[in-house]
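Me: I am new to this structure and would like to learn how to read its features. Please take me through them in turn.

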Amino acid sequence: MIDFQGLLNNIHDDLKTREDKGVVASYIPELSKQDVNTLGLYMQHIDGRSFSAGDAFTPFSIQSISKVLALSKAIAFEDNKIWERVDVEPSGNPFNHLSLLELENGIPRNALINAGALVIADILVTHLENPKEDFLQYVRNIANDQSIKYNFKVADSEERTGFNNFAAAYLLKSFNNLNNSVDDVLDFYFHQCAIEMSCEQLSKAFYLFANGGQCMQGNQHIPIQQAKRINAIMLTCGFYDEAGEFAFEVGLPGKSGVGGGIVALLPNNFILATWAPGLNPRGNSLIGMQALEQFTSQTNLSIF
C-alpha cells in the first residue's frame with residue numbers, strides 16, 4: 001500500500017526549499033498580498049481517508065477553480081442544453097483572450113475560459129433566486145462545510161480592475177449570448193471567483209467529480225454522464241494554453257486558479273488539492289504543478 005502521508009510530506013519538504021517559486025498574481029491587487037512561500041497539499045481518497053501537508057487548512061481565493069463548481073450547478077439546471085451556448089474545445093489561448101470569441105460568433109470555446117465562465121454565470125443568475133447566496137450555499141453543501149465564504153475585498157478588487165471581463169461580457173451581450181445585464185452577471189462572477197477555500201475544502205468539494213456526481217454526503221448533484229464530461233473538460237481545458245503540458249506531466253483532470261490553487265483528481269480514486277501562490281508565466285501555480293507531477297510520477301496514479 002502506498003504511504004500517501006509520507007509521500008505528501010516528502011513532496012512538501014522538497015518543494016519548500018526550491019528557490020524559484022514563481023510570481024504572485026498582481027493584476028488583482030488583493031492577490032498580490034499573498035506569501036509566495038506558502039505551500040499546502042491535501043489528498044481526499046474516495047474511501048474516506050485523507051492526508052495533508054503544509055498549509056492545507058488555510059483558506060485562499062480559489063479564483064478560476066470556481067468555474068468548475070459553477071459549471072456543475074449550471075448543468076443541474078440545463079443539462080445538455082448548456083452546450084448550445086458554450087463549446088467544449090480547448091482554446092489554445094490564455095484564459096482572457098477575446099479574439100476567438102468574435103471569430104466564433106459569441107460562442108466561447110469552453111466553460112473554463114473567462115468568456116465561457118461568464119455564460120455559465122449568466123445561466124446561474126437566470127435560475128437562482130438569490131444568485132450569490134444560493135451559489136455559495138451550493139458550494140458549502142457539496143463540501144459539507146458551512147464556514148466557506150466570499151472574500152469581499154477580493155471581489156471588489158476584481159471589479160475595479162476587471163476591464164477584460166467587462167469587454168468579454170459586452171462582446172457576449174452583442175452576440176445575444178448573455179440574457180441578463182452585464183452588471184448583474186459580472187457582479188456574480190467576481191464574487192464567484194472570490195470564494196475562499198482551503199486545500200481540504202476544495203478536495204471535499206471536488207469529491208463529486210471523482211465519484212460520478214455524488215458528493216461525500218451521498219447526494220447526487222449531477223448525472224454520472226455529466227461528471228464524466230466535466231472531467232474531460234478539466235483535462236483538455238483546465239489549464240488554458242498549458243493544458244497539454246499538464247496532461248503530459250501530470251495526467252489528471254484538474255483546474256487551476258490565479259490564487260495559486262490547483263485541484264486534480266483520479267476518478268473513483270482520489271482528489272488532490274495544492275496551494276502555492278507563485279505562478280509560472282502562463283498563470284498556473286509553479287510549485288503546485290511540480291507537486292502534482294511528483295505525486296503521479298511516484299505513485300503511477302493517473303488516467304494514462
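Reply: Two packed helices are described by the angle between their axes and the distance between the axes. Here the axes of helix α2 (residues 66–78) and helix α11 (residues 224–237) come within 11 Å and cross at roughly 150°. Axes are lines fitted to C-alpha atoms, for helices over the stretch in contact, and angles run from 0 to 180 degrees between N-to-C directions. Helices (H or I, at least four residues) and strands (E, at least two) are DSSP runs, numbered from the N terminus. This is a predicted model: local features need pLDDT of at least 70, side-chain atom pairs count only at pLDDT 80 or more, and totals for chains, interfaces and linings use all residues. Residues are numbered from 1 along each chain as its sequence is written, and side-chain values use heavy atoms, with hydrogens and water left out.

Me: How are α2 and α11 oriented to each other?

Reply: Angles under 35 degrees count as roughly parallel, over 145 as roughly antiparallel, 65 to 115 as roughly perpendicular and the rest as oblique. α2 and α11 are therefore roughly antiparallel.

Me: Which residues make the contact?

Reply: Contact means heavy atoms within 4.5 Å. From α2 come V68, L71, S72 and I75, and from α11 come Q226, I230, I233 and M234. By class, this contact has 6 nonpolar, 2 polar and no charged residues. Ala, Val, Leu, Ile, Met, Phe, Trp, Tyr, Cys and Pro count as nonpolar, Asp, Glu, Lys and Arg as charged, and the others, Gly among them, as polar.

Me: At what angle do α6 and α8 pack?

Reply: Helix α6 (residues 152–161) and helix α8 (residues 182–193) pack at about 130°, with their axes 8 Å apart, and are therefore oblique to each other. In α6, F152, A155, E158 and E159 meet D187, F190, H191 and C193 of α8. These residues divide into 4 nonpolar, 1 polar and 3 charged.

Me: Is T38 buried or exposed?

Reply: Buried means under 20% relative accessible area, exposed over 50%, partly exposed in between (1.4 Å probe, protein chains only). T38 has 12%, so T38 is buried. T38 lies in the loop between β1 (23–24) and β2 (40–45). Leaving out residues up to four places away in sequence, T38 touches D55, W275, A276 and P277.

Me: Where is Y240 found?

Reply: Y240 sits in the loop between α11 and α12 (243–249). With a relative accessible area of 8%, Y240 is buried. Y240 and K255 are 15 residues apart in sequence and 9.4 Å apart in space, C-alpha to C-alpha.
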